[in-house]
Amino acid sequence: LSSGHALPQVIIPESTHKEFRLWLTSYPSEDFPVSILQNGVKMTNEPPKGMRANLLRSYLNDPISDPNFFEGCNKPQPWRKLLFGLCFFHAMVQERRKFGALGWNIPYEFNESDLRISMKQQQMFLNEYEDLPLDALTYLTGQCNYGGRVTDDWDRRLLVSLLSIFYCMKIIDDDSHKFSPSGDYYAPPHGEYQSYVDYIRSLPITPHPEVFGLHENADITKDNQETQQLFDSILLTLPRQTGGGGKSSQEIADELATDILSKLPANFNLEKVMEQYPVLYKESMNTVLRQELIRFNRLTSVVRSTLQNMQKAMKGLVVMSSDLEDVFNSVMVGKVPAVWAAKSYPSLKPLGSYVNDLLARLKFFQDWIHSGAPNVFWISGFYFTQSFLTGVLQNYARKYTIPIDHLGFEFEVLKEENDMSSKPEDGAYIKGLFLEGARWDREKMVVGESHPKMLYDALPIIWLQPGEKDKFEQKATYHTPVYKTSARRGTLSTTGHSTNYVLMIELSSDKPQSHWINRGVALLCQLDD
């Protein structure tokens, strides 16, 4: 590729045979010469869209289409049933990507090589073992072949849960074993190659979200994401200058900056706060408060200085640097500037909602300073949520002289929605979490199915109850991951924590864990609007 840019000059049309064609194959690359792209015919090889097309591609391509391979197992019924289950699993994990974070926290590039090696291992194991080695096949397929691409622990949990639908004895012994509640998708009865192809051709062209284990609301989430991507692309093409008698871009940006600056309070007085809330052995929340104020002071200073400098730059008083130009462009399209995001807590909100959210967080801490620690903590308001959780455990550990690494949380969802009359004896009350992919059934006090067109459900107050982990009782719960934003994916920071993942909360459930795992149910600290 490095010398590919010279090819159009080397290949001279006048002296080149009219039948000559150059066929180049390449992975997506930023280094690909633009001149070749401009002068060539582009072809891409992508997985087909839809479950039916994906399954059909698997069955019409090598090696399944080869009769020697399809009939090359000494246990034909288990082999053909498990092979269909594997192809269905392959199509499912690829198609779930279109649902964004509901499908996978990180969109993995599962491809044909994963399917091909899993098929060959499956055939080899069935030929060599008398009994069906389902555990070995599950481990190889779920943890090695497909799982080798998975870097997120919660995605790995989902992958193994999905695979358990297909790698089980029911798919072999029970012809009525369904892959979806409606019963439209199942492993067809044992038969010849053509019978499987005919069954695949009879499947619906557009799959319902239920086949992926998702709620019907997932379609709305998918459509919202596609619309957002379209609007983001349109915004990139918008001109920066306005014509006619309307306000100019500079006037609009100046007004927005003035409005934000007028609402932004002064930085917190840390010296005064340290006098009021000194470092105490039995009250770790004082330290948490001070650390949070330092972080928010840093953020508000950046917001204030960049807006003021942008106004000066528009008047010609200071040089318009690249950072200030980015702030100006971001303000004009309603996005959070990159220079703010670098000093900010994770957020996917547009500029207006972000500013309102920031002001609400600052008010939360201002009320804490004036009135003391609240009865119910707004967990979404913390910059670094893990410090608050550690502070709760530390208070309990010091009160009862128990090593902090022996402690964990038990969780109780209360009836109250917004406030409590007093603080708990131990632990803390928290609020501000949203359930995505499900709702909280306030009558049964368990996780329940979402109402149609209701994508999120605000959770009532939760009581974080510290205790010794080895004394916790096992209950029927769903282990729900908590994330700061709906993107769910994050990077590992220098503190050892993900920039997005917060903790795992156990919510009472009357359904098996796998049901909610396949639904992609999680708790979010904030929404995107």
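## Around proline 460

Leaving aside residues up to four places away in sequence, proline 460 touches Val413, Leu414, Lys415, Glu416, Glu417, Ile430, Trp440 and Arg442, where contact means heavy atoms within 4.5 Å. This is a predicted model, so local features need pLDDT of at least 70 and side-chain atom pairs count only at pLDDT 80 or more, while totals for chains, interfaces and linings use all residues. Residues are numbered from 1 along each chain as its sequence is written, and side-chain values use heavy atoms, with hydrogens and water left out.

Proline 460 sits in the loop between β7 (456–458) and β8 (462–468). Strands (E, at least two residues) and helices (H or I, at least four) are DSSP runs, numbered from the N terminus. With 2% relative accessibility, proline 460 counts as buried; the cut-offs are under 20% relative accessible area for buried, over 50% for exposed, and partly exposed in between (1.4 Å probe, protein chains only).

## Leucine 235

Over in helix α11 (residues 218–237) you'll find leucine 235. At 24% relative accessibility, leucine 235 counts as partly exposed.

## Two helices side by side

Now for helix α14 (residues 285–314) and helix α17 (residues 351–371): they pack at an angle of about 145 degrees, and their axes are 11 Å apart. Axes here are lines fitted to C-alpha atoms, for helices over the stretch in contact, and angles run from 0 to 180 degrees between N-to-C directions.

On the α14 side, the contact residues include Phe296 and Leu299; among those on the α17 side are Phe365 and Trp368. The contact's residues split into 11 nonpolar, 1 polar and 2 charged. Here Ala, Val, Leu, Ile, Met, Phe, Trp, Tyr, Cys and Pro count as nonpolar, Asp, Glu, Lys and Arg as charged, and the others, Gly among them, as polar.

## Charges over rings

Lysine 178 has its charged end over the ring of tyrosine 186, 4.5 Å from the centre. Arginine 361 does likewise with tyrosine 345, at 3.6 Å from the ring's centre. To qualify, NZ of Lys or CZ of Arg must be within 6 Å of the ring centre and within 35 degrees of the ring normal.
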